[in-house]
Amino acid sequence: MSRLMYSGLYRLKKDKVFWLFLIAVAVYAVILSKMLVNSYEYQVMANGFVSFDKMVFEEAPYTGIVAVLFAALFLGREQSDGAIRGRLTVGHSRGAVFMADFLVCLTAAWSFVILWLMSCAAACLTVGELDMGVSGFIVYALSALAFTAAITAAAVLMGHLITNKAFLVVAAAAVWVLLLIIASGLDDRLSEPEISGGMAYIDGEFVMTGPGPNPLYLTGPVRTVCETLLRLLPTGQAILMNFADLPVSPANILYSLVFTAVMLGLGLLLFKRKDIK
Amino acid sequence: MDYILTTEGLTKKYKHFQALNGLNMKVPKGSVYGLVGRNGAGKTTLFRLICGLQEPTRGSFTLYGVHSCKRNIASARRRVGAVIESPAIYMDMTAEENLIYRHLLLGLPSTKGTAELLKLVGLEGTGKKKARNFSLGMRQRLGIAVALAGDPDLLILDEPANGLDPQGIVEIRELILRLNRERGITVLISSHILDELSRLATHYGIIDSGRMVRELSAGELDAACRKCLRAEVTDTGALARVLDGLGLRYEIVSATEADILGEISVTRLTAALAAEGCEVLTLRERDENLESYFISLVGGGEK
């Protein structure tokens with residue numbers, strides 16, 4: 001496994017696409033930091049008080065697509081150049097090859113996320129106000145690393161089963177979009193208020209109605225399942241983090257670990273059975 | 001005799017296609033073993049099974065005395081270098097970088113022997129040129145160099161001359177011969193270019209429809225290849241009647257030519273043909289070669 005890691009990191013170091021991604025993310029991180037500060041100051045001038053917590057992590061949902069696209073491009077080239085085949089031919093096991101590829105892709109993904117978190121941290125230092133405090137920021141940072149690992153695991157699973165590079169990139173992006181849509185839908189339903197009131201359209205005219213139970217409000221086991229699913233999905237945690245609605249809790253990392261374990265387990269099982277051509 | 005690789009009833013079935021069907025094979029240590037077969041005969045499938053890219057449906061193989069079901073088959077595979085279908089090289093890395101990568105993968109000091117390997121395959125002058133800018137022959141040679149990293153005892157080459165020009169084919173042939181003679185590496189090579197294979201191989205395995213039809217050494221092939229007389233006549237129908245009457249084996253190769261096998265009295269033959277009103281235009285002796293021997297074994301055989 002260590003040989004696979006060393007050679008994989010050597011490969012990453014030589015990969016132009018990795019450096020392009022890293023430079024692009026670094027440049028964007030610098031710009032983002034300034035944009036966040038300017039945006040905060042404008043909001044304060046316009047509205048008085050505003051919580052910087054609800055602004056600083058607004059790019060969280062997009063970390064996933066960066067990780068997924070890179071993993072798909074990287075593994076797509078590994079497939080097309082025959083590198084995965086080459087690693088198996090010299091006697092490395094399928095499990096070791098799969099896990100090493102995951103760790104290499106994760107190294108890259110975490111590099112991008114750390115740059116983004118550094119820009120957030122720089123903005124926080126400039127603004128000087130974060131309701132969740134330093135410990136909360138650290139929990140959020142670790143949660144971001146954890147859900148990035150989860151989405152990377154999903155991309156690596158696909159990268160070892162799909163041999164066509166172009167199709168892999170498209171499929172990986174499509175899966176990310178699908179997960180984002182599902183998470184967004186869950187978040188919307190869970191955000192429905194318990195009591196609602198307002199207007200109803202009855203007999204051809206709008207009528208004011210009194211406050212009453214919202215039929216769209218989820219309760220009981222259904223609510224629990226939806227909340228759990230939302231936190232299990234890496235895109236779900238990212239959406240919640242966007243507006244600082246993600247609980248400041250180490251449990252976020254456990255949820256991501258479960259998702260990661262499921263993806264890696266499934267990937268290992270399917271890759272071991274795959275006939276490599 | 002010491003065998004580096006043996007297969008016992010090796011079978012591989014895909015959903016609707018049987019690629020290997022009880023293949024039995026023995027590759028002697030130190031040989032250049034030429035695997036000959038038509039497209040779809042099972043050559044590449046065999047290589048994939050040996051290299052661990054696919055699992056057999058039934059049967060097994062033994063590599064360096066290690067049975068394929070044993071856990072340490074992975075250690076045995078580390079002593080194998082293989083180029084299957086296309087070379088496993090990174091197109092955006094140079095030749096040296098590809099070798100360094102392979103050394104790291106094998107746990108070897110990263111630069112040990114890279115210069116020597118590049119010189120062996122004739123790529124020492126490529127410098128910073130990326131593999132994507134190499135010719136097909138250069139990529140094949142780089143693939144062989146990568147396969148040689150780690151000093152394998154067995155080199156598996158799947159149609160290494162495919163797509164190469166005549167110069168490229170000669171270079172690959174000379175490289176393989178050098179590896180076998182100077183380093184004692186056993187080479188298992190498949191090829192469609194039978195004439196080229198006949199200049200290389202010390203042993204042959206003729207495979208058809210997933211089964212081994214015949215295994216033989218180069219010496220046995222020489223003995224098995226028959227001399228024949230090629231006759232060009234004005235009436236092959238008359239020739240066929242005469243040959244049937246004389247009890248001779250023959251093969252009609254064209255509208256005017258036939259190969260006649262076995263001991264022939266030319267005088268009797270020409271007299272019999274003259275009696276049928278058939279003129280003999282030319283008569284010349286021919287040796288059967290690997291190509292005609294292969295065709296006679298797997299199809300398009302004698303009448």
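A residue is called buried when its relative accessible area is under 20%. The views below come from a predicted model.

**View 1. A:Asp101 and A:Arg87 form a buried salt bridge.** A:Asp101 has 4% relative accessibility, so A:Asp101 counts as buried. A:Arg87 counts as buried too, because its relative accessibility is 3%. The two residues are joined by a salt bridge, with the closest N and O atoms 3.0 Å apart. A:Asp101 sits in helix H6 (residues 94–127) of chain A and A:Arg87 in helix H5 (residues 83–89), so the bridge ties together parts that are 14 residues apart in sequence.

**View 2. A:Arg77 meets A:Asp15 in chain A.** Their side chains form a salt bridge at 2.8 Å, N to O. The pair links distant parts of the chain, 62 residues apart. A:Arg77 belongs to helix H4 (residues 60–80) of chain A. A:Asp15 lies in the loop between helix H1 (2–13) and H2 of chain A. Both A:Arg77 and A:Asp15 are buried.

**View 3. A network of salt bridges includes residues of chain A and B:Asp92.** A:Arg77 also meets the side chain of B:Asp92 in a salt bridge, at 3.9 Å from N to O. A:Arg77, A:Asp15 and B:Asp92 belong to a network of salt bridges. A:Arg11, A:Glu78, A:Arg87 and A:Asp101 are linked in it as well. Over all chains, the count comes to 20 salt bridges.

**View 4. Chain B touches chain A.** Here 30 residues of chain B are in contact with 27 residues of chain A. Interface size is often given as the accessible area lost when the parts come together. Chain B and chain A bury about 2500 Å² between them. Carbon and sulfur atoms hold 52% of that area. In chain B, the residues that lose the most area to chain A are B:Leu53, B:Tyr90 and B:Leu105. Together they make up 26% of what that side buries.

**View 5. Polar links cross the interface of chain B and chain A.** Four salt bridges are counted between chain B and chain A. There are also 14 residue pairs in polar contact across the interface. On the side of chain B that touches chain A, helix H2 (73–77) and helix H3 (95–106) each supply at least two residues. H3(B) gives the largest share of that side, seven residues.

**View 6. B:Asp208 pairs with B:Arg38 in chain B.** The side chains meet in a salt bridge at 3.1 Å, N to O. B:Asp208 is in strand E9 (residues 203–208) and B:Arg38 in the loop between strand E3 (32–37) and helix H1 (43–50) of chain B, so the pair ties together parts that are 170 residues apart in sequence. B:Asp208 is buried, with a relative accessible area of 15%. B:Arg38 counts as partly exposed, at 40% relative accessibility.

**View 7. A nonpolar patch lies on the surface of chain A.** A:Trp19, A:Ile23, A:Val27, A:Tyr28, A:Ile31 and A:Met35 form this patch. Together they have about 560 Å² of accessible area. A:Trp19 is found in helix H2 (residues 16–47) of chain A. A:Trp19 counts as partly exposed because its relative accessibility is 38%.

**View 8. A:Asn242 is buried in chain A.** A:Asn242 has a relative accessible area of 14%. Its place is in helix H10 (residues 234–242) of chain A. Leaving out residues up to four places away in sequence, A:Asn242 touches A:Lys54, A:Phe57, A:Glu58, A:Ala60 and A:Pro61.

Methods: Residues are numbered from 1 along each chain as its sequence is written. Chains are lettered from A and ligands numbered from 1 in the order in which they are written. This is a predicted model: local features need pLDDT of at least 70, side-chain atom pairs count only at pLDDT 80 or more; totals for chains, interfaces and linings use all residues. Side-chain values use heavy atoms; hydrogens and water are left out. Patches are made of residues with over 30% relative accessible area and no salt bridge: like charges are joined within 9 Å, nonpolar side chains (Val, Leu, Ile, Met, Phe, Trp, Tyr) within 5 Å. Accessible areas come from the Shrake-Rupley method with a 1.4 Å probe; for residues, only the protein chains shown count as cover. Helices (H or I, at least four residues) and strands (E, at least two) are DSSP runs, numbered from the N terminus. Buried means under 20% relative accessible area, exposed over 50%, partly exposed in between (1.4 Å probe, protein chains only). Contact means heavy atoms within 4.5 Å. Buried area is the accessible area (1.4 Å probe) that two parts lose on being put together, summed over both. A polar contact is a pair of N or O atoms within 3.5 Å; within protein, one must be able to donate a hydrogen and the other to accept it, and residues adjacent in sequence count only if both atoms are side-chain atoms.
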